[in-house]
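Please keep the structure in view while reading.

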Amino acid sequence: MLLNCLAKQIRALQSTFTAACRMSSVATENAEFTEVEEPPMVYGGYTNLRQAWVSNLDTIKENPSTIIDLHPQVFGSRPRIDIIHENIVWQRKYRYVSYANTKVTAEVNMSSKKPWPQKGQGRARHGTRRSPLFKGGSVIHGPRSHTTHFYMLPFYKRVYGLTSTLSVKLIQDDLHIVNNLDLPSDDPSYINDLVDSRLWGPSVLFIDDTDTMPRNISLALNQIKHMNLMPVYGLNVYSMLKHETLVLTVAAVKKIQERLLYQLHRPDVHQATKKFMLNMQN
């Protein structure tokens, strides 16, 4: 019985192999006459390439001229809402200093005289009314003034916070790229009309690769409190979320990609991820 079953399986394998060979030969013949579709372009082996239009600011009407390629590890990463939240909490706390202050026993402005005799009255023993047991006395383990809430967020959480926020802005169509920040006029009404015509959010953050901004846009935004200028080295998660629309120049995009890609793949990662110390340089 066992030998008969094995013989049947061997004959079935031979027929299957022969049929497969015939099918492969037919497929190769048909392949000569049909075009093979190329797979979609994968950038760096991670995900598809991101692209965006490059517009202008010298006219109120938007005139997109070219398309710029955006690195998917910077502008197409998977958004981590938890990391973005950690960055916001960190940025709000590292600049906060608590000035709450309570007095210890020696600082209470009250007589140090013994309130009543040690014995004979049936009361508990006390040596001074400055004790925290009395109303108006000192406070045990209370807050002392000038308490900082500073702490350092881990290195890669800061980097992933930037990539996640940039990716979210691009997905939500709140990230726009322009050639430069040159305006034909320093009138604030021009930039207001431009923002309204392009359906940008009420609050706009303009970012360039240098901290020397053009004259016209500097004078125009000086009178608009909900629009701001920022150099690329000051880019942070809190400012990007505070403003609804993010406008980057082409030079700023290249600088951001260069810096973030270096930080994501830096060779001295052990140096960057070690415990933070004051006067530490990245």
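## Terms and overview

The axis of a helix is a line fitted to its C-alpha atoms over the stretch in contact, and the angle between two axes runs from 0 to 180 degrees between N-to-C directions. Two packed helices are described by the angle between their axes and the distance between the axes.

The model discussed here is predicted. The protein chain contains nine helices and 10 strands. It has 282 residues, of which 35% count as buried. Among contacts between residues at least 6 apart in sequence, 71% join residues at least 24 apart.

## Helix H3

Helix H3 covers residues 81–93. At 1.5 Å a residue, its 13 residues should span 18 Å, and this agrees with the 18 Å that separates its end C-alpha atoms.

Which residues of H3 are buried? They are Ile83, Ile84, Asn87, Ile88, Trp90 and Gln91. Viewed down the axis of H3, these buried residues fall within an arc of 165 degrees, so they line one face of the helix. The face turned away from this buried side carries the exposed residues Ile81, His85 and Arg92. The cover over the buried residues of H3 includes H4 and helix H7, which comprises residues 237–242.

## The packing of H3 and H4

Helix H4 is formed by residues 155–171. H3 and H4 pack at an angle of about 115 degrees, and their axes are 8 Å apart. H3 is therefore roughly perpendicular to H4, a description that applies to angles of 65 to 115 degrees. The crossing of the two helices, H3 and H4, is left-handed.

Which residues bring the two helices together? On the H3 side, Ile83, Ile84, Glu86, Asn87 and Trp90 take part. They meet Lys157, Arg158, Tyr160, Gly161, Ser164, Thr165 and Val168 of H4. Ile83, Ile84, Asn87 and Trp90 also belong to the buried residues of H3.

## Helix H8

Helix H8 consists of 15 residues, numbered 250–264. From its first C-alpha to its last it reaches 21 Å, close to the 21 Å expected at 1.5 Å a residue.

The buried residues of H8 are Val250, Ala252, Val253, Ile256, Gln257, Leu260, Gln263 and Leu264. Seen down the axis of H8, they lie within an arc of 160 degrees and so line one face of the helix. Lys254 and Glu258 are exposed, and they sit on the face of H8 turned away from its buried side.

Terms used:
Residues numbered from 1 in each chain as written. Predicted model: local features only at pLDDT ≥ 70, side-chain atom pairs only at ≥ 80, totals over all residues. Heavy atoms only, no water. Helix = DSSP H or I, 4+ residues; strand = E, 2+ residues; numbered from the N terminus. Expected span 1.5 Å × (residues − 1). Buried < 20%, exposed > 50% of the residue type's maximum accessible area, 1.4 Å probe, protein only. Arc of directions from axis to C-beta. Parallel < 35°, antiparallel > 145°, perpendicular 65-115°, else oblique. Left-handed = near helix turned anticlockwise from the far one by under 90°. Contact = heavy atoms within 4.5 Å.
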